[in-house]
Amino acid sequence: RTMERIDNMGHIGATLLTTADAVGPTGGAGLLHMLSSEIYKTGTGEPWTKKETQLITVPKPIIRGLAGAISAESGPPSSFLPNFMVRGQVINHIQKVAEADEFLVKNRIDMGTIAGESLMQACDIRLIGGPGRSDDELRKGLKQWLDDVTPAESGKLYNSNLARAALLGYNAVDGARDTRSMSYLPRLMFQGQYGGQVIFRYEE
């Protein structure tokens, strides 16, 4: 059963990367919709197991990729750590992000009042944005994140860790394939989003 769910998530991720228009801040919502059967379960059913909330059903390459993205500025390389420690790093980061999300939502913080270093930090921990994005674009991404992590299906159990992990992964990929980024090879890998636009740009 676990292997089936891991395989299913891999197929969902691949589908998203080749789906037209699944780009920018709103693309994450599409990913969560695809993962709805993994993120929600009937409220009268069994509660989420530790295996489910600790992201054990998420493929190891995705976990290691997330760990590398969120610990790029500190900590040992995730490639040298056993998988359970890498997954723990990701879970700890997600829990910190969840606390920050709760603060922003409960206090009804106006996105327009977040600027400068505070805006950059808020977006960095959520892997929102990339080189050249304006403050307005970052605020739009932050607002969309908060909308996306708010449970959309009332009366159902919500796996918030998986939802945030999915969005972190989506944001990391979205930032890499942005044409303003210097990550030329990653953009080529994800060019299915643009129908050849990336290659055309470099042929001119």
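## Surroundings of Asn 171

Asn 171 touches Arg 126, Leu 127, Ile 128 and Trp 145, leaving aside residues up to four places away in sequence; contact means heavy atoms within 4.5 Å. The structure is a predicted model, in which local features need pLDDT of at least 70, side-chain atom pairs count only at pLDDT 80 or more, and totals for chains, interfaces and linings use all residues. Residues are numbered from 1 along each chain as its sequence is written, and side-chain values use heavy atoms, without hydrogens and water.

Asn 171 lies in helix 9 (residues 160-176). Its relative accessibility is 14%, so Asn 171 counts as buried (under 20% relative accessible area, 1.4 Å probe, protein chains only). The side chain of Asn 171 reaches the backbone oxygen of Arg 126 at 3.0 Å.

## Packing of helices 6 and 8

Helix 6 (residues 83-106) packs against helix 8 (residues 135-149) at an angle of about 100 degrees, and their axes are 11 Å apart. The axes are lines fitted to C-alpha atoms over the stretch in contact, with angles from 0 to 180 degrees between N-to-C directions. Helix 6 is therefore roughly perpendicular to helix 8 (65 to 115 degrees).

From helix 6, Val 97, Asp 101, Leu 104 and Val 105 meet Leu 142, Trp 145, Leu 146 and Val 149 of helix 8. By class, this contact has seven nonpolar, no polar and one charged residues.

## Overall architecture

The protein has eleven helices and two strands, taken as DSSP runs (H or I, at least four residues; E, at least two). Of its 204 residues, 39% count as buried.

How values were computed
Parallel < 35°, antiparallel > 145°, perpendicular 65-115°, else oblique. Nonpolar A, V, L, I, M, F, W, Y, C, P; charged D, E, K, R; others polar. Buried < 20%, exposed > 50% of the residue type's maximum accessible area, 1.4 Å probe, protein only. Polar contact = N/O pair within 3.5 Å; in protein donor to acceptor, adjacent residues only side chain to side chain.
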